[in-house]
Amino acid sequence: EKMDNINSDLDLLESLSKKISDLLYNNKFSEISEIDIQRKALIKKIKESQLNKNNIKVRISELLENNNTLVRSTEKKLYKLSKNHNNFSKRLKAYSFTK
């Protein structure tokens, strides 16, 4: 029973992570935070469930590592987008002053 619960939680966590990845790929950043809240709540639930089976620990650590990688790539992409937006704003201002 408990193993089934933890595995379904892990499946859901994997699914939420994939959804975030898809949203990132499609530049739908506004939808990410709600899914990320669910993902973090699920990670907390899994941690609190005190199941120390080795295969589950390995799977959780892999998922957490994948999530960390996802977060890092999101941060890079957001930084790049904001940098591009700032450059665009500067060009727009410069253009409007030359008229």
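**View 1. Asparagine 27 sits in the loop that links helix 1 with helix 2.** Helices here are DSSP runs (H or I, at least four residues), and strands are runs of E (at least two), numbered from the N terminus. The phi angle of asparagine 27 is near 55°, a positive value in a residue other than glycine. For background, most residues other than glycine have a negative phi. With a relative accessible area of 45%, asparagine 27 is partly exposed; buried stands for under 20%, exposed for over 50%, and partly exposed for the range in between (1.4 Å probe, protein chains only). Please keep in mind that this is a predicted model, where local features need pLDDT of at least 70, side-chain atom pairs count only at pLDDT 80 or more, and totals for chains, interfaces and linings use all residues. Residues are numbered from 1 along each chain as its sequence is written, and side-chain values use heavy atoms, with hydrogens and water left out.

**View 2. The whole chain follows an α-α-α pattern along the sequence.** Of the 99 residues, 22% count as buried.

**View 3. The largest nonpolar core brings together 16 residues.** A nonpolar core is a set of buried Ala, Val, Leu, Ile, Met, Phe, Trp, Tyr and Cys residues joined through side-chain atoms within 4.5 Å. Leu10, Leu13 and Ile46 have the most contacts inside this core. Helix 1 (2-25), helix 2 (32-48) and helix 3 (54-98) each supply at least two of its residues, and helix 1 gives the most, with seven. Beyond its neighbours within four places in sequence, leucine 10 is in contact with Ile46, Ile56, Arg59, Ile60 and Leu63.

**View 4. Aspartate 9, in helix 1, meets lysine 45.** Aspartate 9 counts as buried because its relative accessibility is 11%. The side chains of aspartate 9 and lysine 45 make a polar contact (3.2 Å); the term covers a pair of N or O atoms within 3.5 Å where, within protein, one must be able to donate a hydrogen and the other to accept it, and residues adjacent in sequence count only if both atoms are side-chain atoms. Leaving aside neighbours within four places in sequence, aspartate 9 is in contact with Leu42, Lys45 and Ile46.

Methods: Contact means heavy atoms within 4.5 Å.
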